Structure formats: structure tokens, C-alpha cells
Amino acid sequence: MAKATVEQLKDGITILTNKANFGKDYKAIHNENTFTKVYGDLGVWLEDKNLEATAILVAQVINQYFASKFDFGQLKKIGTFSCATLTPLVVAAPLTATYTDLKATYVVGTSDYIKVRAEVARVLAIDDKTHSAHGSNFKGTQSLEQIITNVCAPVKGLAEIARMKGLVRSNYKLNW
């Protein structure tokens, strides 16, 4: 069997978390029995795709991408793994930035704005919630720098913030 990628694990965990019985069956991921159930159910999903993954990799993916769905986002451990000891997963950004003029402005809601914002999210490997409120910047124009700031605003966790800042520096020459 091939090793599952982080993206494949994210897909499988997303399917599990979207199940109707998710809250009852999986919410208490800190409990070793619950993690074993999640890992087992994910294993069944992976086997159907001729893939496999280690328990620690699954715990790392849950910790980095799904913590808010489990235990009210207050994870201290996942099964037997302490969250403090789980190393962050480094996933290469899928592309380099093509929009790099930080002062260029885009009218919010236009196709150009949507393309720029989507590219920023892809380059920084951030799950962008374009439907969320953007405060006073929701109407009018935004510079590329403002778009980057807004896309990055919801990022949490020291390791994830450090990863995102590194990508911002390398792709946009912004030093936060």
C-alpha cells in the first residue's frame, strides 16, 4: 500500500467529521479509545483507496488542521500523543505568487479580487473563508497587502503562524 499524503488524510478526516454521528462518536479525541475509533474508521476509508498512514501522522493532521472540530479546540492530547510534542507538518505551497505588487488595489467582489485572494490563500496554504466578514474593508478596494493581512488573520497556533509568516516573507517580501 502507498503512504497517504497529508491532503489525502485531510480529505478522509473531513469526510469523518461531516458524518451525522460525528459529535457523539469522535468529539472527545483526547480519549485514547476515541482516537483509536477515528484511526480505525479512517483506516477503512484509506484501505478502499489502497493507502495507509501511521497513527502519529493522523494525530499531526488532526492537531494542525482539525483541532477546532475536536474538544472545542482545546486539544492537549490526541489519543496517547501530547499535542505539545506533535511536530507541525510542513506542506509545500502549491505555487509561487504571480500577484506581487503590494500596493496594487482590487475592487472587493470583482473577479480580479477573487482571483488574487484565492491565489494568496493557495500560495500560503490557508483555508480561506471568503464569505466571512472583513470589517470596514468589506466594500471598496483593498491593496494586495490588505488582502494578505485579511487572509492570514484567522491563522492560529505558533507553528502555523510561523509557517505562514515564512511563506509571506518568501513570496511577497513582507516582513511581519
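Buried here means under 20% relative accessible area, and by that cut-off 40% of the 176 residues in the chain are buried. Keep in mind that this is a predicted model. The chain has 7 helices and 6 strands, and from the N terminus they run β-α-α-α-β-α-β-β-β-α-β-α-α.

**Overall build**
- Take the contacts between residues at least 6 apart in sequence: 71% of them join residues at least 24 apart.
- The accessible surface comes to about 10000 Å², and carbon and sulfur atoms account for 56% of that.

**Nonpolar cores**
- The largest nonpolar core has 26 residues, and Leu9, Ile29, Leu42, Leu46, Val61, Ile62 and Ile78 touch the most other members.
- Helices H1 (6-17), H3 (32-48) and H4 (55-65) each put at least two residues into this core.
- Looking past its neighbours within four places in sequence, Val61 is in contact with Val6, Leu9, Lys10, Ile13, Phe66 and Leu89.
- There's also a second, separate core of 23 residues, with Ala104, Val120, Leu144 and Met164 among them.

**Aromatics**
- The chain has 3 aromatic pairs. One of them is Phe35 with Tyr39, stacked at 6.0 Å centre to centre with 5° between the planes.
- Those two sit 4 residues apart in helix H3, about one turn. Phe35 counts as buried because its relative accessibility is 5%, while Tyr39, at 30%, is partly exposed.
- Phe35 also pairs edge-to-face with Phe81, at 6.0 Å centre to centre and 80° between the planes. That pair ties helix H3 to strand S4 (residues 81-82), 46 residues apart.
- Phe35, Tyr39 and Phe81 make up one aromatic cluster.
- Elsewhere, the charged end of Lys10 sits over the ring of Tyr65, 4.0 Å from its centre.

Methods
Residues numbered from 1 in each chain as written. Predicted model: local features only at pLDDT ≥ 70, side-chain atom pairs only at ≥ 80, totals over all residues. Heavy atoms only, no water. Core = buried A, V, L, I, M, F, W, Y, C linked by side-chain atoms within 4.5 Å. Buried < 20%, exposed > 50% of the residue type's maximum accessible area, 1.4 Å probe, protein only. Contact = heavy atoms within 4.5 Å. Areas by Shrake-Rupley, 256 points an atom, 1.4 Å probe, with all protein chains shown as cover. Phe/Tyr/Trp six-rings, centres within 6.5 Å; stacked < 30°, edge-to-face > 60°. Lys NZ or Arg CZ within 6 Å of the ring centre and 35° of its normal.
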